[in-house]
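Hi there,

Here is the model I promised to pass on to you.

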Amino acid sequence: MSTAVRLPSAALGVRPTARLRRRIRENVTAYGLLCAALLVFAGFSWYPIVRGVLLSFQQVNFVTAPTWVGLENFQKLFADPQFWEAWVNTLLFTGLALVFGFAVPFAIAVLLNELRHGKAYFRLVVYLPVMLPPVVVALLWKWFYDPGPGLFNSALHSVGLPGLSWLDSPTTAMLSLVLVSTWANMGSATLIYLAALQTIAGDLYEAAELDGAGLWRRLWHVTIPQTRFALLVMLLLQLVATMQVFTEPYIMTGGGPGDSTVTVLLLLYKYAFFYNDFGTASALSLLLFVVLGVFGLCYVRLTRRAD
Amino acid sequence: MRTLVSESQLRGRRGKAVYWAVFVVVAVTFTAAFVFPLIWMVLGAMKTAPELARVPPTLLPQHANVGAYVEAWNFMSLAHFFLNTIIVVLGAWLVQLAVDVPAAYALSKLKPKLGNVVLGMMLGTLMLPASALLVPTYLTITDVPLLGVNLVNSPLAIWLPGAANAFNIYLLKRFFDQIPGELIEASTLDGAGPLKTMWRVVLPLSRPVLGVVSILSVVTAWKDFIWPLLVFSDPQAQTLSVALQRFAPDTPVNLLLAGLVLASVPTIVVFLIFQRNILAGLTAGSVKG
């Protein structure tokens with residue numbers, strides 16, 4: 001039909017200037033519609049990106065103009081023992097969150113996919129915590145974890161077990177944070193895996209079974225390879241998300257006890273809003289960006305290929 | 001549909017027994033892990049502080065004090081913070097639609113010169129972790145370039161950066177791309193300009209994607225914490241999440257629990273109503289890329 005529409009105008013011999021004028025008018029309209037988006041992207045996305053890089057090499061105090069300080073901000077960071085602790089803590093959080101938040105939702109999704117009843121209920125329920133505001137989750141679990149009157153220790157005491165220290169000991173604090181964050185976020189991963197599992201053609205299982213493959217071999221040779229893409233995407237997304245953990249430690253531990261739950265983002269917040277040292281905070285952002293940017297690039301390449 | 005375990009395996013006596021055993025375990029575990037904490041929160045708000053600390057813990061409150069919800073509402077002036085949050089959330093939603101829909105339409109259907117460059121630069125921002133931009137975006141908010149205004153404590157500090165949402169533009173453009181060009185040309189032949197065509201032809205067809213974008217933006221804005229924490233330094237301007245966190249240390253635990261329940265009601269209600277759209281949007285947006 002589109003050729004049918006264009007043909008008459010070509011046959012009538014529309015002059016090139018008229019076509020040019022139409023093209024210009026279309027471009028003007030298009031950029032008119034785009035201008036609001038261009039302005040907000042320029043002001044609140046592109047400009048801050050450039051500014052963030054520049055700030056990393058500047059000293060900012062809001063009284064005098066920013067001065068160039070070369071790599072001083074980075075040197076200050078590398079000399080700060082909290083900087084290294086923050087990275088170790090963040091990697092620990094990410095690692096633990098992957099053990100739980102990556103493997104558990106997949107196992108659950110595989111299990112749910114086999115159930116013939118109540119699937120709608122399970123799907124609904126596993127996603128409920130995702131819908132809670134993170135502040136609600138953090139404050140609720142802070143109360144659960146409370147070593148005095150908290151629910152968990154009350155429950156343990158009532159069956160005669162000693163209470164645990166949860167957030168109050170450097171050895172268990174991080175694990176406790178991982179537990180909350182997994183509880184709150186696993187719903188999305190579970191449902192995404194479930195959707196991926198449902199795209200697997202039944203014939204593949206059929207064929208594997210005919211070849212004598214038992215349950216575990218079918219899982220290993222059919223289910224996992226067939227969901228490889230979803231697994232890889234979620235792995236990257238989870239890496240990027242968990243390395244930016246902030247709300248749980250900010251509300252539940254404030255980075256303590258000691259410095260055991262200070263994460264990179266918590267340290268960044270401290271540099272910027274406690275010390276008002278925006279230059280060093282930007283340098284830390286830049287480092288975080290470089291680390292996460294690698295994962296981000298992998299993600300984009302991966303989804304491009306799938307398209 | 002055939003899955004990992006075949007129907008015939010489940011039909012046998014042993015298969016049936018194993019299936020129902022697994023089913024019961026899953027049902028109980030799921031309810032205990034995901035529903036129970038929420039029920040406990042709702043019931044806990046109606047208990048007294050000493051009852052909340054009791055060993056063994058009680059499930060049902062001994063004297064259900066429903067008034068705790070009213071008390072919490074007044075104690076933390078929740079009406080004020082609900083209103084703040086509603087203004088922030090609805091504004092963020094409207095601004096996102098007003099900015100991102102025309103942009104996606106222009107990029108998809110009008111295809112201006114350098115449109116692909118613009119799209120690429122927008123999508124490029126998706127690769128950046130939001131937290132890496134916190135500091136420079138915050139500094140931009142305190143002194144907006146060219147205008148020289150300070151947006152701290154203004155809802156604009158949420159609305160404007162929120163509108164620079166490349167994921168929205170991506171979702172919308174991908175949907176607009178599927179609308180046949182014939183419909184647009186027919187509308188143009190009828191003498192409608194691009195704006196009228198967008199309003200009359202494209203938007204009515206785009207209800208599903210507008211729904212997904214709307215729910216996404218409302219829920220995200222309601223749940224947001226770190227950015228409102230930074231830009232609302234004035235306690236009176238804060239959103240619910242930020243205010244709850246500020247009140248938490250000085251609030252009796254039953255009232256705090258009541259506050260948490262009240263703050264969760266909107267997103268849970270939205271979820272129960274728009275369940276299908278939310279879950280569909282979740283899987284559409286991520287895996288099928």
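**A helix pair in chain B**

In chain B, the axes of helix α9 (residues 166-177) and helix α12 (residues 207-223) come within 10 Å and cross at roughly 170°. Axes here are lines fitted to C-alpha atoms, for helices over the stretch in contact, with angles from 0 to 180 degrees between N-to-C directions. α9(B) and α12(B) are therefore roughly antiparallel to each other; angles under 35 degrees count as roughly parallel, over 145 as roughly antiparallel, 65 to 115 as roughly perpendicular, and the rest as oblique. On the α9(B) side the contact is made by B:Asn168, B:Leu171, B:Leu172 and B:Phe175, and on the α12(B) side by B:Val209, B:Val212 and B:Val213. Sorted by class, this contact has six nonpolar, one polar and no charged residues.

Before going on, please note that this is a predicted model: local features need pLDDT of at least 70, side-chain atom pairs count only at pLDDT 80 or more, and totals for chains, interfaces and linings use all residues. Residues are numbered from 1 along each chain as its sequence is written, while chains are lettered from A and ligands numbered from 1 in the order in which they are written.

Two residues are in contact if their C-beta atoms, placed from the backbone, lie within 7 Å. Helices (H or I, at least four residues) and strands (E, at least two) are DSSP runs numbered from the N terminus. Ala, Val, Leu, Ile, Met, Phe, Trp, Tyr, Cys and Pro count as nonpolar, Asp, Glu, Lys and Arg as charged, and the others, Gly among them, as polar.

**The rest of chain B**

Chain B has 15 helices and zero strands. Its radius of gyration is 25 Å, well over the 19 Å that the globule rule gives for 289 residues, so chain B is more spread out than a compact globule. (The radius is taken over C-alpha atoms, and the rule is 2.2 Å times the number of residues to the power 0.38.) The C-alpha trace of chain B spans about 75 × 65 × 35 Å along its principal axes. Of the 289 residues, 38% are buried, where buried means 20 or more other C-beta atoms within 10 Å of a residue's own, exposed 12 or fewer, and partly exposed in between.

B:Leu119 is partly exposed, because 18 other C-beta atoms lie within 10 Å.

**Chain A**

Chain A has 14 helices and two strands. The C-alpha trace of chain A spans about 95 × 75 × 30 Å along its principal axes, and 42% of the 307 residues are buried.

In chain A, the axes of helix α6 (residues 134-145) and helix α8 (residues 170-197) come within 11 Å and cross at roughly 135°, which makes α6(A) oblique to α8(A). A:Pro134, A:Val137, A:Ala138, A:Trp141 and A:Tyr145 of α6(A) make the contact with A:Ser176, A:Val180 and A:Ala184 of α8(A).

**Where the chains meet**

The contact takes 90 residues from chain A and 82 residues from chain B. On the chain B side, helix α15 (residues 253-286) gives the most, with 13 residues. By class, that side has 59 nonpolar, 16 polar and seven charged residues.

Best wishes
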